[in-house]
Amino acid sequence: MFPDKLPILVSIFNQINSLNLLVRNPLYLYLLLIGSISSCSLLPPEEASFGYLEIPNVSLQTTPSAGYPSHAIKDIWVYADGEDLGVYTVPATIPVLSAGEPKRFQVRGGVKVNGNNATSREYPFYNEVILNEVVGEDQNISRNINFTYKPEAVFDLVEDFESGNQFDSEIDGDAQTFVQRVTGESPYGNHCGYIHLSGDNDAIEVSHSASFPNSNNKQGAVFLEFDYKCDEKIFVGTILEEGGLLVKDYKILVTETDTWKKFYLDLTEEISKSSVIKYKVVFSSTLISGGTEANIYLDNIKLIHF
Ligand SMILES: [Ca+2]
Ligand SMILES: [Ca+2]
C-alpha cells in the first residue's frame with residue numbers, strides 16, 4: 001500500500017515547499033487541499049481490507065455479594081487500540097479495518113438509562129472486556145462477552161428477596177400495603193418482592209430500613225438497578241438527609257409491563273452531592289381511580305456507587 005502512496009506524498013512535500021506562496025495566497029492553499037483529497041480518493045478500493053468481529057451474545061457474571069446476574073445489556077461500545085468503532089446492538093457484527101493486524105479490542109456494556117430507550121450509555125459499573133485478536137481479511141471471528149462488575153463498585157443494597165426483605169420501612173401509613181416475599185413468581189431465583197393494592201388499600205410508599213452515609217460514596221456515578229413487572233405505574237425516588245432535613249423526591253415514573261424488565265436509574269445527580277449526609281431510595285404506587293387492583297413485582301434491587 002505504501003509504495004502506491006509515495007508519489008502522492010512526494011507531491012504534497014514539494015507543494016509544502018512552496019510555503020511562502022501558501023502564506024501569500026490562501027486560494028493556492030485551498031486548491032492544494034482539494035488536490036490532495038482527490039489524489040487520496042484515487043487509491044484503488046481493494047486496498048481497504050476488512051474482517052468482522054461478531055458478538056452474538058453478552059452475559060453478566062456476579063460474585064455472591066453482587067446478587068443475581070440479571071442484566072439488560074442491549075448494546076456494546078467497541079474500541080480498537082483506543083479508536084472508537086461505535087455502538088452496536090447485540091447481536092453485533094463489527095467491521096474491522098486493517099485485517100490481519102493484531103488488535104486490542106475494548107468492549108463495554110451499554111444499557112438504556114432512566115427508561116430512555118432511544119440512547120445507549122456505557123454502564124459505569126461493568127468492567128470492559130479486552131479481546132486481543134487478529135481478524136483476517138474477509139474472516140469472521142465470533143466471541144461471546146461475559147461482563148462482570150468492577151471490583152471498586154460498592155453495593156449499598158442488594159435485595160434479591162431470596163433470604164429476606166429489607167423493604168420493610170412503612171411510609172404510607174396503611175399497614176395493609178407492604179412488600180411481601182413471594183415464591184415462584186420471579187425468573188431470578190425462587191423469590192421476589194410483591195405489592196398488592198386493592199379496594200381501600202390503594203397506595204403504597206415504602207423504603208428500606210437502613211439509611212446509607214454519603215461519606216462512603218466517592219461522589220461519582222450512583223445507580224439503582226431493579227427488575228420489575230407491574231400492572232400499575234411505579235414512582236421511584238430518593239429520601240435524602242440534607243441540612244438536618246429529610247427530603248423526599250421522586251425521579252422517575254415506571255410504566256406497566258406484563259413481562260419482567262430491568263431498569264437502570266441514574267441517581268448520580270441526587271445522591272452524589274456534598275450536601276447529602278445520608279440517603280435511601282423509595283418506591284411508591286397508587287391505584288388509578290376506577291382500578292380494582294394492582295400487582296407489582298420487584299427483584300434484584302441494587303443500589304451501587306464507587
Ligand atoms: Ca429473587
Ligand atoms: Ca403501607
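L53 stands opposite I94, a residue of strand β5, in what is a predicted model. The strand β1, which covers residues 51-55, runs antiparallel to β5 and is joined to it by five bridges. In general, the strands of a sheet pair through backbone hydrogen bonds, and they do so either parallel or antiparallel.

**The sheet around β1**
- An open sheet is formed by three strands, taken in the order β5-β1-β9, and the pairing within this sheet is mixed.
- The edges are held by β5 (92-96) and β9 (140-142), each of which has a single partner strand, so one side of each is left without a neighbour in the sheet.
- From one strand to the next, the twist in this sheet averages 25°.

**The surroundings of W77**
- W77 is found in strand β3, which spans residues 75-80.
- W77 counts as partly exposed because 19 C-beta neighbours lie inside 10 Å, whereas a residue is called buried at 20 or more.
- If its neighbours within four places in sequence are left aside, W77 is in contact with V87, R108, G110 and E122.
- Although W77 and G109 are 32 residues apart along the chain, their C-alpha atoms are separated by 6.4 Å.

**The chain as a whole**
- The chain contains four helices and 22 strands.
- The chain has 306 residues, of which 29% count as buried.
- Among the contacts in the chain with a separation of 6 or more, 74% are accounted for by residues 24 or more positions apart.

Technical notes:
Residues numbered from 1 in each chain as written. Chains lettered and ligands numbered in written order. Predicted model: local features only at pLDDT ≥ 70, side-chain atom pairs only at ≥ 80, totals over all residues. Helix = DSSP H or I, 4+ residues; strand = E, 2+ residues; numbered from the N terminus. Buried ≥ 20, exposed ≤ 12 C-beta atoms within 10 Å, placed from the backbone. Contact = placed C-beta atoms within 7 Å. Pairing = 2+ DSSP bridges. Axes fitted to C-alpha atoms, helices over the stretch in contact; angles between N-to-C directions.
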